[in-house]
Amino acid sequence: MSSQFPEARPRRLRRSEQLRSLFQETEFTLNDLVLPIFVEEEIDDFVPIKSMPGVMRIPESRLAGEIERYARAGIKSVMTFGVSHHLDCDGSDTWKENGLVSRMSRIAKDAVPEMIVMSDTCFCEYTDHGHCGVMHGHEVDNDQTLLNLGKQAVAAARAGADVIAPSAAMDGQVQAIRRALDAAGFTQTPIMAYSTKFASALYGPFREAGGSALKGDRKSYQMNPMNRREAVRESLLDEQEGADSLMVKPAGAYLDIIRDIREASRLPVAAYQVSGEYAMIKFGAQAGAIDEPRVVRETLGSIKRAGADLIFTYFAMDLALAGI
């Protein structure tokens with residue numbers, strides 16, 4: 001027993017709901033949350049994603065209405081992912097002036113100009129092989145992909161995207177995008193780097209959501225989940241290249257990494273509660289094993305407590321409708 005007992009009694013501050021609320025150290029609000037959305041072209045109705053209960057692919061024709069609905073609920077920011085019907089080996093639709101990437105940003109900003117629209121900048125949903133860049137044989141060509149990332153970023157910014165968020169996990173991608181944006185006159189458009197992105201098994205449901213054609217894996221360019229020092233190095237490299245904010249993806253199994261990066265950098269740090277994390281909570285709740293609202297708040301609170309300034313989560317709309 002502690003030598004300070006009975007004078008030291010931490011339970012004194014837990015005696016009532018009012019005391020617990022007063023002394024709570026970590027909180028999150030809707031201002032801290034970003035809602036990832038999937039937008040599919042050339043469809044007429046919403047498509048349920050079976051592995052992500054409650055999440056649907058949004059028909060492009062219904063996107064404006066959905067953005068307005070999110071805004072009414074209090075959502076301040078979305079991340080757009082496209083489900084393309086125009087795939088090729090390079091993902092060239094992504095840098096066309098009227099390609100899906102551009103249309104999503106344009107529609108969202110026209111619908112609700114004050115909504116912060118973040119454009120996921122990658123190729124996996126736009127290539128016929130499902131990898132995040134140009135393939136040469138069985139390898140992704142890092143430097144050719146950088147050129148294409150720059151073109152996609154400029155197209156998204158020109159269409160109105162507020163934030164460019166490169167997730168392709170190519171070396172040098174932040175610097176390449178920064179140079180492309182600046183050369184095109186978008187010097188004020190920030191880059192949110194997916195700076196520490198792991199080759200995680202928790203992305204499984206996202207593959208269904210995005211309609212990925214991937215065969216094989218992305219281990220040659222996404223990070224080994226067992227590497228902690230390298231995780232910090234990756235984010236610090238992106239900071240040196242000109243990133244305006246950093247991200248850890250996934251979030252829940254990587255709270256130590258979020259804390260490490262928070263302590264190593266003064267940039268804003270985001271964390272992405274990914275599709276597998278969402279699905280585990282949803283299916284656990286459906287099985288009666290857990291209390292979904294409490295688990296959602298606990299997991300998001302733990303991500304914030306670890307050091308994240310903002311959180312990407314598919315639960316954002318649920319929380320908004322519940323009054324968080």
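Predicted model: local features only at pLDDT ≥ 70, side-chain atom pairs only at ≥ 80, totals over all residues.
A search of the whole structure finds 15 of them. One joins the side chains of arginine 103 and glutamate 60, with 2.6 Å from N to O. Arginine 103 belongs to helix H3 (residues 100-111), while glutamate 60 sits in the loop between strand E3 (56-59) and H2, so this pair ties together parts that are 43 residues apart in sequence. Both arginine 103 and glutamate 60 are buried.

A further salt bridge is formed by arginine 262 and aspartate 309, whose closest N and O atoms are 2.7 Å apart. Here too the pair links distant parts of the chain, 47 residues apart: arginine 262 is found in helix H8 (residues 255-264), and aspartate 309 in the loop between helix H10 (292-306) and strand E12 (310-312). Are these two partners buried or exposed? Arginine 262 has a relative accessible area of 17% and is therefore buried, since buried means under 20%. Aspartate 309, at 35%, is partly exposed.

Aspartate 318 and lysine 282 provide another example, their side chains meeting in a salt bridge of 3.5 Å, N to O. Aspartate 318 lies in helix H11 (residues 316-321) and lysine 282 in helix H9 (residues 275-286), so that the pair links distant parts of the chain, 36 residues apart. Within this pair, aspartate 318 is partly exposed, with a relative accessible area of 35%, whereas lysine 282 is buried, with 12%. Salt bridges can also share partners, and in this way Glu41, Glu60 and Arg103 are joined into one network.

The peptide bond between phenylalanine 5 and proline 6 is cis, with omega about 15°. Proline 6 is placed in the segment before H1. A cis peptide bond is also present from lysine 249 to proline 250, where omega is near -5°. Proline 250 is part of the loop between strand E10 (245-249) and H8.

Next comes the surface. Arg9, Arg11, Arg12 and Arg14 form a positive surface patch. Arginine 11, a member of this patch, lies in the segment before helix H1 (17-22). Its relative accessibility is 67%, so arginine 11 counts as exposed.

Alanine 71 is part of helix H2 (residues 63-73), and at 28% relative accessibility it counts as partly exposed. Which residues does alanine 71 touch, not counting those up to four places away in sequence? The contacts are with Val112 and Met115. Alanine 71 and methionine 317 are 246 residues apart in sequence, yet their C-alpha atoms are 9.9 Å apart in space.

Definitions and conventions:
Residues numbered from 1 in each chain as written. Heavy atoms only, no water. Patch = residues over 30% accessible without salt bridge, like charges linked within 9 Å, V, L, I, M, F, W, Y side chains within 5 Å. Areas by Shrake-Rupley, 256 points an atom, 1.4 Å probe, with all protein chains shown as cover. Salt bridge = Lys/Arg side-chain N within 4 Å of Asp/Glu carboxyl O. Lys, Arg positive; Asp, Glu negative; His and termini not counted. Charge placed at Lys NZ, Arg CZ, Asp CG, Glu CD. Helix = DSSP H or I, 4+ residues; strand = E, 2+ residues; numbered from the N terminus. Buried < 20%, exposed > 50% of the residue type's maximum accessible area, 1.4 Å probe, protein only. Contact = heavy atoms within 4.5 Å.
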